[in-house]
Amino acid sequence: MPRGCANSDILAAIDQAVADGVDVLSLSVGGSSKPYYTDVLAIASLGAVQNGVFVAASAGNSGPSSSTVINTAPWMMTVAASTMDRSFPAIVNLGDGETFDGESLYSGMSPDQLPLVYDGNVKCCTSGALSPALIKGKIVACERDINSEVEKGQVVKMAGGAGILLLNTESDGEELRAEPHVLPAASLGVSAAESMRNYIITSGSPTASIVFKRTTFGKPGPVMASFSSRGPASIEPYVIKPDVTAPGVNILAAWPPTISPSEIKTDNRSVLFNIISGTSMSCSHISGLAALLKAAHKDWSPAAIKSALMTTAYTHNNKKTPIYDIFSGSPPATPFAYGSGHVYPEKASNPGLIYDLSYEGYLFYLCGINYSPSQISTISRGDYYCPKETMRTTGDLNYPSFAVLFEANSQNLNALYERTVTNVGHPRTTYVVQVQEPKGGISYR
C-alpha cells in the first residue's frame, strides 16, 4: 500500500485545524521542492499564517547533499536536525586491543569475544544474502545501506548470528544513531568502520565483543546530523533555508504500544516510548517552543515568533567551538546546514528586536520573484494583482536573515536590502549594528 497522503487531504486537514483555532501547526511531512503555486503545503500554510497560525516544517532527511532542503516557503519555519550531548554507548573491543565507541539501544547481555565476519557476500546484510554456515554464532559487520539498521539485525539474527556491527560509509560520516536492535549491536562512525575493515582484512582470525553502557552526557553538541537536508533551496533560493536547527537525533518520543520499537513484524516487544531520529523530531521541538512564545506574547504574529527564534539562535556548541558538521568531520557547519543556528528558548522570549511580516508582505514577495497574477492567486486562493508600487526585489522581504544571489564570475555587483525592525524589549533601549563580513571579497555599508 502506498505511503503518504493525498494533497486534498493535507489541504483539508490544515484548513480544518485553522478553523478549530490552533495557534501552531507542526508539519513533519513533505516531498520534493517545487514552485509554491504547485506545493500544497506552501499553499495551505500561507492560509494558516494569514489567520495568525505559526507553521513549523521539517527540512527533510535527504542530507548531506546540498540543495535537498524542502518546505522552503518564507512563511514556513524550516527546521534542520542536530544532536544533543546525550549518548547511548556501546563499546566495541577488537581482538587486537583496539576499542571503538559506538551507540545502541540494545538492553540485553553483552556478548563475549566472538569471531567477526565481514566480506563482500555479507556486508549489506539483506534478506536471503547470509549463509547460516558462515555466520552462525559470530558477530557480523554490515554496511549501512538500503535496508534499515534494525532490519539488518533481524536478518543476522534469523541466520544464526550472535551480534552485528553497523559500519558507516563516507556519506554517513561520524553520525551515530541509537536503534532498538533485536540482538547485540553497535553503530560505528566512518573512521572506526575503516579501522575495523583493515583489522578484519589483516587478521587471520578477527574477533570482537560489545559492551553496553548506560546513558551518558557531556559529548560535544549540538552537531549537525548528516541526514538533515541542506540548502540552498533548489526552488526560489532567495531566503536562506533551513531557518534554524533543533534536537533531532536520538530523541525520546511517545510510541504506540501496538507497534514494536523496531517496526519489525516478528519483534514482539511493546513500549510506550522509543528513540527516534529525523527532522520530524526537530520540527516538533520548534512547534513546542512556538507555543510557549505565543503563550508568553499573545500579540506576536507568526513572523514575530519566527524572528525571535532565529535572531537569538547560537552557532557554537557546549565546548565553546563552532557547531560542526558530522558529515564532513570537524569543519564548522554553514548556514545552509543550520540556518541562523541552534534555537535558544530562553533568549527567544526576549529578543529585543524582531523582523515582523504581514500576510501582504509575503504576497509582495511573490510579486518580487515575478510570479504571475494567476500563480499568486493559486497560492493565496483568491484573486490577486501586484500593486504597481509594490516591491520588485527579493531583498525587500522583511526576513530575519539575508541571502544575496550572485551570478557566476560576476564582479563589482551591488545589492540593496531593506529591513524594518520592531522593538519588543525595553522601551528605552539603544541597539548597535555590528557586521562581520564573510570571506570572498564581499563588503557591507
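Residue numbers start from 1 along each chain as its sequence is written. Because the model is predicted, local features need pLDDT of at least 70 and side-chain atom pairs count only at pLDDT 80 or more, while totals for chains, interfaces and linings use all residues; side-chain values use heavy atoms, with hydrogens and water left out.

**Whole chain**

Along the principal axes, the C-alpha atoms fill a box of roughly 75 × 50 × 45 Å.

Next, colour by accessibility. Buried residues make up 49% of the 445 residues; buried means under 20% relative accessible area, exposed over 50%, and partly exposed in between (1.4 Å probe, protein chains only). The accessible surface comes to about 21700 Å², and 53% of this belongs to carbon and sulfur atoms. Areas are from the Shrake-Rupley method with a 1.4 Å probe, and for residues only the protein chains shown count as cover.

Contacts (heavy atoms within 4.5 Å) come next. Of the contacts with a separation of 6 or more, 71% are between residues 24 or more positions apart.

For charges, select Lys and Arg as positive and Asp and Glu as negative, leaving out His and the chain ends. The chain has 31 positive and 37 negative side chains, and the centres of the two sets lie 3 Å apart. Each charge is placed at NZ of Lys, CZ of Arg, CG of Asp or CD of Glu.

**Disulfides**

Now select the cysteines and display their sulfur atoms. How many disulfides are there? With a disulfide defined as a pair of cysteine sulfur atoms within 2.5 Å, the count is 2. Counting bonded cysteines along the chain, the pattern is 1-2, 3-4.

Zoom to C125 and C142, which are joined with an S to S distance of 1.8 Å. The link has -70 degrees about the S-S bond and is left-handed. C125 is in the loop between β7 (114-117) and α3 (132-135) and C142 is in strand β8 (residues 139-143), so the bond ties together parts 17 residues apart in sequence. C125 is buried at 1% relative accessible area, and C142 is buried at 0%.

Move to C367 and C386, joined at an S to S distance of 1.9 Å. The torsion about this S-S bond is about -100 degrees, so this disulfide is left-handed. C367 sits in helix α10 (residues 359-368) and C386 in the loop between α11 (373-380) and β17 (422-423), so the pair ties together parts 19 residues apart in sequence. Is each end buried or partly exposed? C367 is buried at 0% relative accessible area, whereas C386 is partly exposed at 22%.

**S195**

Finally, select S195 in helix α5 (residues 190-202). S195 is partly exposed, at 25% relative accessibility. Which residues does S195 touch, not counting those up to four places away in sequence? They are E98 and F100. Then draw a distance from S195 to V239: the two are 44 residues apart in sequence and 41 Å apart in space, C-alpha to C-alpha.

Key: Helices (H or I, at least four residues) and strands (E, at least two) are DSSP runs, numbered from the N terminus.
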